[in-house]
Amino acid sequence: MYKQLIINVSDHETRVAHLEDGTISELYIDRGDDQDVTGNIYKGRVLRVLPGMQAAFVDIGLNQAAFIYVDDVYTNDFKEYERMFEINSEEEDSETESDPDTPPFKNKRNFLIEELLLEGQKLLAQVTKSPIGTKGARISSYISLPGRFLVLMPTSDHIGISRRIEDQDERERLRSAVQNLRTNNYGYIIRTAAEGEPIDKMASEMSFLNNLWKNIDKKFEKVPSPFLLHQELSISLRAVRDLLIHEVEKLVIDSKPTYDAVLAFLDTYMPGLKDHVVLYEGAEPVF
């Protein structure tokens with residue numbers, strides 16, 4: 001079966017069509033929201049520590065200061081991290097019932113915010129909730145980077161599996177695969193989409209996510225604060241990550257800026273796929 005992606009970009013929306021032998025199998029439409037910064041990763045600077053609220057205000061470069069609660073401050077201690085979650089990284093699942101593909105970043109430790117953060121301290125943090133009105137963004141220093149099949153958690157070494165994957169043999173196959181593939185002590189959540197997929201697809205995605213985190217971590221050491229280290233992927237780049245990398249033979253884009261952005265993205269993470277991308281410049285609209 002010949003599979004391709006068609007991306008159409010206009011002033012007000014982006015449309016992505018997934019074609020199988022010329023027939024649309026999936027269609028995604030994104031109308032964009034400049035206020036949505038959820039998932040973005042920043043190098044921030046602690047502005048003020050609030051012991052009474054067990055929280056802190058952090059400058060991440062937005063109009064309003066972001067805030068972080070003590071439960072969302074990472075301590076850089078993997079053993080303590082596992083104890084806080086009361087998990088066994090070989091046997092337990094780490095995802096919640098409400099969203100089995102997303103790791104929970106809630107702990108039960110007894111540290112105080114003033115023991116963990118100081119004014120002026122640099123902090124690597126991810127937005128978990130975008131700002132609303134006069135309320136700043138909520139952030140966490142527990143980082144998660146989602147792919148189609150895996151979620152990378154560089155601040156954990158836990159392996160979890162989506163509860164929606166119910167077959168025990170399949171769960172064991174996937175868990176063993178991830179344990180054997182990983183070459184570091186990072187944690188991973190195996191997402192529902194991984195069910196039944198070959199191991200080489202997960203290996204490819206693990207490599208991609210690891211490279212993504214490596215670049216973020218390197219950038220943190222070099223840039224001033226506040227600084228945007230990683231922007232949550234646009235619908236076009238998510239399509240590249242989730243579909244082109246795994247199963248699509250050709251990607252056609254009708255926007256030169258988006259075409260350039262996709263090539264730059266692939267050049268960093270999957271340079272071998274750049275030849276699969278084509279810029280459409282025909283007179284007739286690509287859709």
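Arg-173 is partly exposed, with a relative accessible area of 30%. The model shown here is predicted. Arg-173 pairs with Glu-170 in a salt bridge, and their closest N and O atoms lie 2.8 Å apart. Glu-170 is buried, at a relative accessible area of 11%.

- Arg-173 and Glu-170 sit three residues apart in helix H3, so about one helical turn separates them.
- Helix H3 covers residues 168-181 and also holds Glu-172.
- Glu-172 is partly exposed, with a relative accessible area of 44%.
- A patch of negative charge on the surface gathers Glu-172 with Glu-166, Asp-167, Asp-169 and Glu-195.

**Other salt bridges**
- Side chains of opposite charge can pair when their charged atoms come close.
- The protein has eight salt bridges by the rule used.
- One of them links Lys-274 to Asp-267, with the closest N and O atoms 3.4 Å apart.
- Lys-274 is partly exposed at 29% relative accessible area, and Asp-267 is partly exposed at 45%.
- Shared partners join Glu-13, Arg-15 and Arg-31 into one salt-bridge network.
- Within that network, Arg-15 bridges to Glu-13, the closest N and O atoms being 4.0 Å apart.
- Arg-15 is partly exposed, with a relative accessible area of 26%.

**The protein as a whole**
- The protein contains six helices and 15 strands.
- It has 287 residues, and 51% of them count as buried.
- Among contacts with a separation of 6 or more, 68% join residues 24 or more positions apart.
- The accessible surface is about 14400 Å², and carbon and sulfur atoms make up 47% of that surface.

Key. Residues are numbered from 1 along each chain as its sequence is written. This is a predicted model: local features need pLDDT of at least 70, side-chain atom pairs count only at pLDDT 80 or more; totals for chains, interfaces and linings use all residues. Side-chain values use heavy atoms; hydrogens and water are left out. Patches are made of residues with over 30% relative accessible area and no salt bridge: like charges are joined within 9 Å, nonpolar side chains (Val, Leu, Ile, Met, Phe, Trp, Tyr) within 5 Å. Accessible areas come from the Shrake-Rupley method with a 1.4 Å probe; for residues, only the protein chains shown count as cover. A salt bridge is a side-chain nitrogen of Lys or Arg within 4 Å of a carboxyl oxygen of Asp or Glu. Lys and Arg count as positive and Asp and Glu as negative; His and the chain ends are not counted. The place of a charge is taken as NZ of Lys, CZ of Arg, CG of Asp or CD of Glu. Helices (H or I, at least four residues) and strands (E, at least two) are DSSP runs, numbered from the N terminus. Buried means under 20% relative accessible area, exposed over 50%, partly exposed in between (1.4 Å probe, protein chains only). Contact means heavy atoms within 4.5 Å.
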